[in-house]
Amino acid sequence: MPHDHNDSQAPGTISPSGHPYRPDDDRPLTYWQNMEIAVRELLVEKGYITALQIQNQIDTMDARSPTNGANVVARAWTDPEFKAALMNDAAQATRDMGFDIGPMHLIAVENSDMVHNVVVCTLCSCYPRNLLGLPPDWYKSRAYRSRAVIEPRKVLTEFGLVLSENVQVRVHDSTADMRYIVIPSQPEASKGLPVPDLVKWVTRDSMIGVGKAHAPT
Ligand code: FE
């Protein structure tokens, strides 16, 4: 299928062939990238979907950020009824807040003085994107994916998180249809603050489990 990528086009514009322009990174396309382009162009050509709809969906995905998850955590810290619902069925509880994970399962795991939870996807990069946005590069790296399950304490130390020996570390392996979010322990100094302030204490890393919630810097 002919292509008309044009380096002079600005990102975000639609090419004459009907698919969104992507900056050329000068690497040959992989089999799956070629497949994606072919299927996308075919769907546009046959009129099943428009290029603008695709671009709008990409924009929606790009707009998701860890602030979504931080709102969930801050509410769990302050609303026992919501927290109970979240621990029971995180997909439904967060859907009720407007963060729809689709058909996937979502499990909330809570950190405490005795238990510390960490999330990984050993196979690829499964991540609760609806709550945390795009995963950081290190989350997708082979080193994190393999070492997080083999030597989690050592990995956490490298993130600057040193846990005492009496804290049990639990590593959760995400899958294509099962995602996790860590509910970090609420720092003492944040107790009593209103939710909009609490949100600023909840970092992305604390919801993956490689960091703790802390005062905004
Ligand atoms: Fe994955």
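## Iron site

Which protein atoms are the donors of the iron ion? In this predicted model, they are the SG atoms of Cys-121 and Cys-124, together with both N and SG of Cys-126. These donors lie 2.1 to 2.5 Å from the iron ion. Along the chain, the donors follow the spacing C-x2-C-x1-C.

The angles among the 4 donor atoms run from 81 to 133 degrees, and the site is classed as irregular.

## Exposure of the donor cysteines

The disulfide count is 0.

## Chain overview

The chain has 217 residues, and buried residues make up 38% of them. Its secondary structure consists of 11 helices and 4 strands. The accessible surface is about 12,400 Å², with 56% of that area belonging to carbon and sulfur atoms.

Among contacts with a separation of 6 or more, 61% are between residues 24 or more positions apart.

In soluble globular proteins, nonpolar side chains tend to be buried together. The largest nonpolar core in this model holds 45 residues, and the members that touch the most others are Trp-77, Leu-86 and Tyr-144. Helix 3 (residues 66–78) supplies the largest share of this core, with 6 residues.

Leaving aside residues up to four places away in sequence, what does Tyr-144 touch? Its contacts include the run Val-118, Val-119 and Val-120, and also Trp-138 and Tyr-139. Further partners of Tyr-144 are Val-155, Phe-159, Ile-208 and Val-210.

## A buried serine

Where does Ser-190 lie? This residue is in the loop between strand 4 (178–183) and helix 10 (195–198). At 0% relative accessibility, Ser-190 counts as buried.

With residues up to four places away in sequence not counted, Ser-190 touches Trp-77, Leu-198 and Trp-201. Trp-77 is also one of the core residues that touch the most other members.

How values were computed:
Residues are numbered from 1 along each chain as its sequence is written. This is a predicted model: local features need pLDDT of at least 70, side-chain atom pairs count only at pLDDT 80 or more; totals for chains, interfaces and linings use all residues. Side-chain values use heavy atoms; hydrogens and water are left out. Donors are N, O and S atoms within 2.8 Å of the metal (3.2 Å for Na, K and Ca); water is not among the atoms, so sites may look incomplete. Four donors count as tetrahedral if all angles lie between 85 and 135 degrees; four count as square planar and six as octahedral if opposite donors are over 155 degrees apart and all others between 65 and 115; anything else is irregular. Helices (H or I, at least four residues) and strands (E, at least two) are DSSP runs, numbered from the N terminus. Buried means under 20% relative accessible area, exposed over 50%, partly exposed in between (1.4 Å probe, protein chains only). Contact means heavy atoms within 4.5 Å. Accessible areas come from the Shrake-Rupley method with a 1.4 Å probe; for residues, only the protein chains shown count as cover. A disulfide is a pair of cysteine sulfur atoms within 2.5 Å. A nonpolar core is a set of buried Ala, Val, Leu, Ile, Met, Phe, Trp, Tyr and Cys residues joined through side-chain atoms within 4.5 Å.
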